[in-house]
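Student: I have a model open and want to work through its contacts and surface. Can we go step by step?

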Amino acid sequence: GYCEAGKNVIQLFKDRGWEAIIADDLVGMVLFFLSLLVGLVTAGLGVLLVEVTDLWDDFAPGKDAARVSAAVIGLIIGLVICSILMSTIASSVNTSIVLFADAPAEFEKNYPDLSNEMRQAYMVAHPGCF
């Protein structure tokens, strides 16, 4: 069935050593949806600002146009600012993977807990590699 096919695909990716690619894609999607959520919250705050203040009365011809304008501006601001911040997290994930692959001894020396955790996960995925 569907679940068995999913397990087979994941096993295929593990056999090929593609976990980092999958992890990178998942991290990117999660961070994007988090940025989108923050953008929607700031859009809601923009609409709330229109409702409780008179700041938008002179800028838009009607209340509905003011709400839409404030929501769009809030969405864009929230999405951009959060995306910039989340790119730092994405870069950290990529850096950890590269450090683990490129210089495992130095990574072990500087970050022993994270290195152990990554080694154990890798040994589960690829028994006998270490």
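What follows is a set of questions and answers on this predicted model.

Student: Which pattern does the protein follow, read along the sequence?

Tutor: Start with the element counts. The protein has five helices and zero strands. Read in order along the sequence, the pattern is α-α-α-α-α.

Student: What share of the 130 residues is buried?

Tutor: Buried means under 20% relative accessible area. Over the 130 residues of the protein, the buried share is 18%.

Student: How much accessible surface does the protein have, and what share belongs to carbon and sulfur atoms?

Tutor: Take the total, then the share. The accessible surface comes to about 9200 Å². The part belonging to carbon and sulfur atoms is 69%.

Student: Among contacts between residues at least 6 apart in sequence, what share joins residues at least 24 apart?

Tutor: A contact here needs heavy atoms within 4.5 Å. Keep the pairs at least 6 apart in sequence, then ask which of them are at least 24 apart. That share is 47%.

Student: Which residues does S35 touch, leaving out those up to four places away in sequence?

Tutor: S35 sits in helix 2. Beyond its sequence neighbours, S35 touches G78, L79, C82, S83 and M86.

Student: Is V47 buried, partly exposed or exposed?

Tutor: V47 is found in helix 2. Buried means under 20%, exposed over 50%. V47 has 25% relative accessibility, so the class is partly exposed.

Student: What does V47 touch, not counting residues up to four places away in sequence?

Tutor: First, a distance for orientation. V47 and D64 are 17 residues apart along the chain, with their C-alpha atoms separated by 9.7 Å. The contacts of V47 beyond its sequence neighbours are R67, A70 and A71.

Student: How far apart are the closest N and O atoms of R67 and E51?

Tutor: Side chains of opposite charge can pair when their charged atoms come close. A search of the whole structure finds three salt bridges. R67 lies in helix 3 (residues 63-102) and E51 in helix 2, so this pair ties together parts that are 16 residues apart in sequence. The closest N and O atoms of R67 and E51 are separated by 2.4 Å.

Student: Which residues make up the network of salt bridges?

Tutor: R67 bridges E51. R67 also meets D64 in a salt bridge, at 2.5 Å from N to O. R67 and D64 both lie in helix 3, three residues apart, about one turn of the helix. The linked residues are E51, D64 and R67.

Student: Is D64 buried, partly exposed or exposed?

Tutor: R67 has a relative accessible area of 27%, so R67 is partly exposed. E51 stands at 39% and also counts as partly exposed. D64 is at 55%, so its class is exposed.

Student: How far apart are the closest N and O atoms of E108 and R119?

Tutor: The cut-off for a salt bridge is 4 Å. E108 and R119 form one. The pair links distant parts of the chain, with E108 in helix 4 (residues 104-110) and R119 in helix 5, eleven residues apart. The closest N and O atoms of E108 and R119 lie at 3.4 Å.

Student: Which residues does S115 contact, leaving aside neighbours within four places in sequence?

Tutor: S115 lies in helix 5 (residues 112-125). With 1% relative accessibility, S115 is buried. Its contacts beyond those neighbours are F100, F107 and E108.

Student: Why is the pair F107 and Y111 called tilted?

Tutor: The structure holds two aromatic pairs. In F107 and Y111, the ring centres are 5.7 Å apart and the planes stand at 45°. Planes under 30 degrees apart would be stacked, and over 60 edge-to-face. An angle of 45° therefore makes the pair tilted.

How values were computed
Residues numbered from 1 in each chain as written. Predicted model: local features only at pLDDT ≥ 70, side-chain atom pairs only at ≥ 80, totals over all residues. Heavy atoms only, no water. Helix = DSSP H or I, 4+ residues; strand = E, 2+ residues; numbered from the N terminus. Buried < 20%, exposed > 50% of the residue type's maximum accessible area, 1.4 Å probe, protein only. Phe/Tyr/Trp six-rings, centres within 6.5 Å; stacked < 30°, edge-to-face > 60°. Salt bridge = Lys/Arg side-chain N within 4 Å of Asp/Glu carboxyl O. Areas by Shrake-Rupley, 256 points an atom, 1.4 Å probe, with all protein chains shown as cover.
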